[in-house]
Amino acid sequence: MAYFIPTAAEDVAPAEVAEVDLYHPHSFVTKYVFSQDAKVIAIQYSFTAIAIGLVALVLSWLMRLQLGFPDTFAFISAEAYYQFITMHGMIMVIYLLTALFLGGFGNYLIPLMVGARDMVFPYVNMLSYWIYLLAVLVLLASMFVPGGPTGAGWTLYPPQAILSGTPGSGAGIILMLVSLALFIVGFTMGGLNYVVTVLQARTRGMSLMRMPLTVWGIFVATILALLAFPALFVGAVMMSLDKILGTSFFMPAIVEFGELSDYDGGSPLLFQHLFWFFGHPEVYIVALPGFGIVSDLLATHARRNIFGYRMMVWAIVIIGGLSFIVWAHHMYVSGMNPYFGFFFATTTLIIAVPTALKVYNWILTLWKGNIHLTIPMLFAIGFIVTFVNGGITGLFLGNAVVDVPLSDTMFVVAHFHMVMGVAPILVIFGAIYHWFPKITGRMFNQTLGQIHFWVTFLGAYAIFLPLHYLGLLGVPRRYYEMSDTLFIPESAVTLNAFVSVVALTVGVAQVIFLFNMIWSAYKGKKADPNPWRATTLEWQTPENPPAHGNFGPELPVVYRWAYDYSVPGAKEDFIPQNVPQEEVPNTEGGLGLPMPAAHQPAE
Amino acid sequence: MATDSGGSVAQPDGVSGFVSDWASDQRAFKNVPWGKAMMWIFLLSDTFIFGCFLLSYMTVRMSTTETWPNASEVFALSFGGEPIPLILIAIMTFILITSSGTMVMAVNYGYRKARAKTVMWLLLTALFGATFVGMQAVEWTKLIEDGVRPWGNPWGAPQFGSTFFMITGFHGFHVSVGVLFLLIVARKVWRGDFDTEKRGFFTSRKGRYEIVETMGLYWHFVDLVWVFIFAFFYLW
């Protein structure tokens with residue numbers, strides 16, 4: 001079988017896959033509501049995720065009010081506080097970050113960036129969104145049932161998650177588990193589409209090693225999700241059975257309110273293993289798309305090819321693989337066999353190697369670059385700073401001996417908010433600003449964007465840097481209040497109040513972002529089709545924003561990698577991926593992978 | 001699918017051939033249609049679900065302090081006095097494995113576009129699958145009559161009933177869904193949808209005879225999973 005990776009127009013081989021006709025919508029409902037177009041589905045996913053994320057943001061304000069000013073707000077009871085914590089964590093990690101990165105950016109960017117007209121099975125893709133919406137609605141419904149939503153903490157550890165002393169241990173926990181199971185079913189439908197589209201539906205010339213790193217990040221993250229979510233699914237099914245039918249998968253014989261319960265012989269540790277076998281890859285499900293997107297933002301806005309593209313790809317793949325064998329570092333204090341701690345500490349620290357490699361490559365990409373401090377670039381650099389910060393505290397917590405004293409303190413809260421809260425959110429903001437002109441066809445307001453960045457970035461540090469200190473003092477996490485605890489100094493109390501004031505301010509400041517996006521989508525000035533002068537295919541579409549089918553009558557052919565910036569001898573300082581070598585005669589051809597001899601066209 | 005098999009280019013051998021296949025443009029797996037690739041990846045994900053179920057079963061079986069009921073006694077049936085251990089499950093397993101064979105025949109005739117024969121083998125497969133689920137219902141009934149419940153049983157660890165009903169139930173659900181789709185695919189073949197390339201309702205993509213093979217992948221997977229469930233539940 002002959003196939004070529006073209007660098008010049010005469011190399012182009014015939015398409016291996018015949019063009020498939022798209023489903024063409026006829027009515028408003030099929031165009032914008034039950035749409036099969038990945039771009040519309042992406043926007044639906046993003047709006048839903050951001051909406052539920054705002055709910056979680058408000059919950060975090062309520063928590064901060066209680067922590068900063070205990071005994072002040074009568075409506076925040078201890079039960080309510082635990083419910084806020086649980087819902088805040090679960091919504092942010094799964095319903096916001098996972099859905100927005102994979103369902104939102106995945107749907108929008110994968111077909112456009114690999115040169116496909118749509119996802120491979122658009123109908124299944126549409127179902128994915130509607131089941132996700134159902135999962136979100138079930139989650140919201142759990143806030144309005146008797147007893148309220150579950151207050152078991154986002155990790156939902158049994159036995160306390162289903163014992164009657166825990167808030168929301170009735171309908172709340174059941175709806176939570178149902179919602180998670182629905183989310184997983186819906187995600188699987190979308191995830192299969194993303195993976196198969198990347199593997200099997202790329203355009204001519206788009207080899208794997210010419211894909212933008214954004215696609216690589218989303219692709220590997222989706223594979224992780226398809227393999228990690230099953231563990232959560234199984235955990236959710238078994239815990240529902242424990243709760244509803246009275247089975248004893250996770251429940252040992254236990255005394256509840258002075259009476260021996262009917263449970264007998266289950267293993268609470270089993271749930272923790274299942275949960276973290278999902279939970280740790282989940283960290284990278286959120287991080288890997290961020291890694292990919294940041295790489296592309298840095299390269300585009302610093303006008304430099306990404307440093308060490310191959311290494312960047314392999315680092316993503318290796319981090320993805322390693323993320324499956326580190327889960328029990330979340331369980332050093334769980335009572336599992338201490339010898340496990342040695343193994344999991346080792347694997348955890350090994351992950352630092354490919355991760356650090358990525359950070360060095362980002363910095364080397366910026367090195368001597370023509371750095372444009374645009375809004376997306378600011379957010380990308382902000383990501384590197386917060387990610388390094390959170391990554392380094394990760395080294396502390398990855399060591400079993402250091403983790404034991406720090407476990408369940410505010411240090412842990414500071415660590416994971418820095419590394420998988422603030423860092424991915426900064427990427428999301430950067431990515432929204434970067435692709436906003438493509439999605440809406442209009443430009444956002446620069447001044448508002450600047451204000452938004454600086455308030456968010458500096459605010460995030462003002463919130464989470466003190467939490468590291470509080471954690472080292474020994475202030476525990478998940479405590480409703482700790483007014484007269486002897487070892488906690490007065491300074492910790494005032495620091496908590498400071499953090500709360502900043503958190504509320506930064507939270508409210510997000511209105512600037514929402515206003516900027518909504519106002520600019522209607523009133524912003526018309527954007528250039530390629531305002532950042534980027535090389536990737538989504539900026540080369542005939543219409544802006546891209547129409548149904550993405551690329552007009554002819555699919556683009558790819559002749560080069562995604563990072564031909566500041567090319568010596570080129571007319572402009574960049575060469576889009578779909579420009580053949582003949583059209584840029586004074587440059588070196590086919591950057592990226594050297595073409596293997598087998599792919600040279602026959603004489 | 002249009003495939004180009006010009007053969008004008010020499011393929012590198014061994015590992016570098018493998019790598020250049022993967023790194024080439026358009027498709028990582030040459031000649032693999034989208035639906036089939038998607039089914040393989042779905043099955044990989046589903047493997048993790050069954051894997052987690054079975055590992056959980058092993059964990060609770062080890063963590064429970066009570067004795068585990070003896071499988072060869074619990075699953076025995078008596079015909080004329082003498083209990084025969086595992087007799088029902090042996091027949092069920094035989095039927096399900098046989099159905100994999102009939103599925104292979106259906107795929108074979110599907111690619112030859114022999115519609116009547118394909119339909120016949122598909123229906124036979126569905127019949128075997130339905131028989132399996134029916135016999136599973138008999139087995140469940142007998143256990144329930146013996147007093148096995150998800151929360152307890154007369155012989156020992158309560159996890160015996162809970163894992164048994166959960167895992168065989170989840171597998172039986174897979175078989176039932178498979179039977180349903182076998183009937184749908186059989187109907188499509190019978191109507192000639194794959195000759196006219198009629199669009200599928202679910203995928204909105206044109207139907208081709210590869211769908212019979214994709215269906216077969218799922219069916220063989222369900223069989224393979226059963227082999228593990230059989231080994232871990234009935235032989236351990």
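Predicted model: local features only at pLDDT ≥ 70, side-chain atom pairs only at ≥ 80, totals over all residues.
Author: Residues are numbered from 1 along each chain as its sequence is written, and chains are lettered from A and ligands numbered from 1 in the order in which they are written.

Reader: Why is helix 3 of chain A called roughly antiparallel to helix 4 of chain A?

Author: The two helices pack at an angle of about 170°, with their axes 12 Å apart, where axes are lines fitted to C-alpha atoms over the stretch in contact and angles run from 0 to 180 degrees between N-to-C directions. Angles under 35 degrees count as roughly parallel, over 145 as roughly antiparallel, 65 to 115 as roughly perpendicular and the rest as oblique, so helix 3 of chain A is roughly antiparallel to helix 4 of chain A.

Reader: Which residues make that contact, and what makes two residues count as being in contact?

Author: Two residues are in contact if their C-beta atoms, placed from the backbone, lie within 7 Å. Helix 3 of chain A contributes A:Tyr95, A:Ala99 and A:Gly103, and helix 4 of chain A contributes A:Tyr129, A:Tyr132, A:Val136 and A:Leu139. By class, these are six nonpolar, one polar and no charged, given that Ala, Val, Leu, Ile, Met, Phe, Trp, Tyr, Cys and Pro count as nonpolar, Asp, Glu, Lys and Arg as charged, and the others, Gly among them, as polar.

Reader: How do you know that the span of helix 6 of chain B is close to the expected one?

Author: Helices are DSSP runs of H or I with at least four residues, and strands are runs of E with at least two, numbered from the N terminus. The expected span is 1.5 Å times one less than the number of residues. Helix 6 of chain B, residues 159-191, has 33 residues and reaches 48 Å from its first C-alpha to its last, close to the 48 Å expected. Just after this helix, B:Gly192 takes a positive phi of about 80°.

Reader: Which element gives the largest share of the side of chain A that touches chain B?

Author: The contact takes 54 residues from chain A and 51 residues from chain B. Helix 6 of chain A gives the largest share of the chain A side, eight residues, and that side has 38 nonpolar, eleven polar and five charged residues.
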